[in-house]
Amino acid sequence: MSTYRQGEFHSFKAAGIDYLYLAPSAAVFALEGPARSIIDLLDDRELSGEEIIRELAPQGYSVAEIAEALDELQQSHAIVRDNPVAPPPLQLPQQPFPLQTLVLNVTNQCNLSCQYCYEYGEDRIAAPEGKTRFMSQETAHRAVDFLLEQSPGRRVVHLTFFGGETLLNFKVVKSTIEYARKRAAEAGKYIDFSLTTNATLLTSEIIDFLAENHVGVTISIDGPKEYNDRFRVFPGGKGSYDVIAPKIKELLRARRSRPIGARVTLTSQVVDVKRIFRHLIEEMGFDEVGFAPVTTSPARLYAINSKGLDTVLEQFTELADEYLDHALRDELFGFSNVSDTLQEIHNGVSKAYPCGAGLGLLGVSPSGDIGLCHRFVDSPAGALGHIETGIDRRRQSEFLRRGHINNKYDCQTCWARPLCSGGCYHEAYVRYGDTSHANLHYCDWIRGWSDVCLRIYGEIAARNPGFLDRFDERKAI
Amino acid sequence: MKYLKAINRKARRLEEFIISEYGDVHALQQPPPQQRPHYPMGCSLVFSPGWETDSAGGTAGLCQPVERDLYDCYISCFWPAQVPDHLNNYPDWTSKCASATKDWRNIDLVFP
């Protein structure tokens, strides 16, 4: 006898409405009338159409209504009949894939000595020995040409400056922005710029240049002084907060068009998300704050254990609720971990890859070597060629084949895989020695956080749907 | 759809697809006919009394034209048949042949 059972989804409730988040399509549907009753009925069991009709008849639904709801649920794969739904085929992206973003590590040197740093800390994977430590102007300009050549069909491309400490090589940053503007105009493209810095070397001259050139700036800062100075210290051990705070305030005063964000690294000793958020938004004046747990092997003292992650999730949830309150009043709330996830939920992003690394985004080392992303430059694990000789297509294909979500066995039964797709390659490499390994130490966290964001999304969709229009533009990877 | 309300953009796309694929949903509608494998007529996979020769050894009494066999080999059979290479060199070989049983005379001649 032909039977129905539940398909793959995560159900959640918000604003009194029952929703389904379907995997792997990433569609969000609200359930009404008999559809909701059918989903409840099929919880942990399989029933035939006749049995479903018999069970639901007392609820007052006609046979026609139940049959219609069954059709709709089956066609959207919320329920399945008999044979399992075939998984989507493994399709590798077309090659060559046009570049969108190039991250230039203009230096691998830094004037701070943050203990947890993946570039210099105990879990470093880069091996830049014997190579130049500062990107030359020629290499940087050649990288711009490379980006413009390798981005056929894209009108807008992005250039990001990274380090080490980016501003140690500000001269090259400045000349590269001028060169890139000129070359992009010749190529009929628009190029935009962003930069990450620890803010220690900001000067009025640099601040003016960044504001005039609409350079998006991200500041690495871990919150108020007592948190920031735990790890973000100069080589002698002195904390960096007192140096950077006035400079950041000056930078924030000078900003014109692009928002300035703070990027916080959470460690076992720094998990007070709410306090950090308030300090950076209300006291410092940042537009946005994003948090990420430190990338490290679990043995380090600063690694966040699962209890620490629970604390982080609790505080994220409280901040997400504040985001919701603001969204219902049509106000922005600069908690980028929420807005980024809502953007993906709204567009129904279902990722074959966790990010654009090795695909639309590449990192370039000071010597011009190409890496999967800025975290993999000069690392044998993520080497992908050189800007003079081009992308190593064989290595790239192999990386993309292995990193595809269909090849991550652990992810195949997880409803959050459209959003997560196994997580950061660098994190996976540091933890498991394999870029294509799923980040299993995060799974509960990711599912918990995805559920929180889905509920926020469901509330906004029901109570202030106009707010979601701002997410219509899909942020390309 | 009536009982599933599309909320995000992906759900709306899925809904559009479902409506285009299954038509708008009507109460008590039958499930869409199951897609079955297509067996080419005249192929050895099925019993087809018209295959190659008639009972007298000629082609006059076939229940369908011999060209129909040829055409089926071309369109759907896995067996390599003596038909022009329609993927690369002769993509328009059958462009004038809308229906094999009626228009088989219009199949182009090919001189490799």
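Analyst: Helices (H or I, at least four residues) and strands (E, at least two) are DSSP runs, numbered from the N terminus. This is a predicted model, in which local features need pLDDT of at least 70, side-chain atom pairs count only at pLDDT 80 or more, and totals for chains, interfaces and linings use all residues. Residues are numbered from 1 along each chain as its sequence is written, while chains are lettered from A and ligands numbered from 1 in the order in which they are written.

User: Where is A:Pro24 found?
Analyst: A:Pro24 sits in the loop between β3 (17-22) and β4 of chain A. The peptide bond that joins A:Ala23 to A:Pro24 is cis, with omega about 5°.

User: And what is the peptide bond from A:Gln95 to A:Pro96, cis or trans?
Analyst: That bond is cis, and its omega is near -10°. A:Pro96 belongs to the loop between β5 (79-81) and β6 (101-105) of chain A.

User: What about phi at A:His77?
Analyst: A:His77 is not a glycine, yet its phi is positive, at about 70°. The residue lies in the loop between α3 and β5 of chain A.

User: Is A:His77 buried, exposed or partly exposed, and why?
Analyst: A residue is buried if 20 or more other C-beta atoms lie within 10 Å of its own, exposed if 12 or fewer, and partly exposed in between, with C-beta atoms placed from the backbone. A:His77 counts as partly exposed because it has 18 C-beta neighbours inside 10 Å.

User: And A:Asp378, buried or exposed?
Analyst: A:Asp378 is buried, because 22 other C-beta atoms lie within 10 Å. A:Asp378 has a positive phi of about 65° although it is not a glycine, and its place is in the loop between β13 (369-371) and β14 (383-386) of chain A.

User: Changing topic: how many strands form the open sheet of chain A, and in which order?
Analyst: There are ten, in the order β11-β10-β9-β8-β7-β6-β12-β13-β14-β15, with mixed pairing. Two strands pair if DSSP finds at least two bridges between them.

User: Which strands stand at the edges?
Analyst: Those are β11 (288-293) and β15 (390-391) of chain A; each has a single partner strand, so one side of each is left without a neighbour in the sheet.

User: In which sense do β6(A) and β12 of chain A pair?
Analyst: They pair in the parallel sense over four bridges, β12 being residues 361-364. A:Val103 has A:Gly363 as its bridge partner in β12(A).

User: Next, what does the domain assignment of chain A give?
Analyst: Domain 1 covers 4-81 and domain 2 covers 101-386; such bounds come from an automatic or database domain assignment. The centres of the two domains, taken over C-alpha atoms, are separated by 44 Å.

User: How many residues of the two domains are in contact?
Analyst: Five residues of domain 1 of chain A are in contact with four residues of domain 2 of chain A. Contact requires that two C-beta atoms, placed from the backbone, lie within 7 Å.

User: Finally, how many residues does the contact take from chain A and from chain B?
Analyst: Chain A gives 26 residues and chain B gives 18 residues. On the side of chain A that touches chain B, α3(A) gives the most, with eight residues.

User: And which strand of chain B pairs with β4(A)?
Analyst: β4(A) pairs with β1 (residues 4-6) of chain B in the antiparallel sense, over three bridges. The bridge partner of A:Leu31 in β1(B) is B:Leu4.
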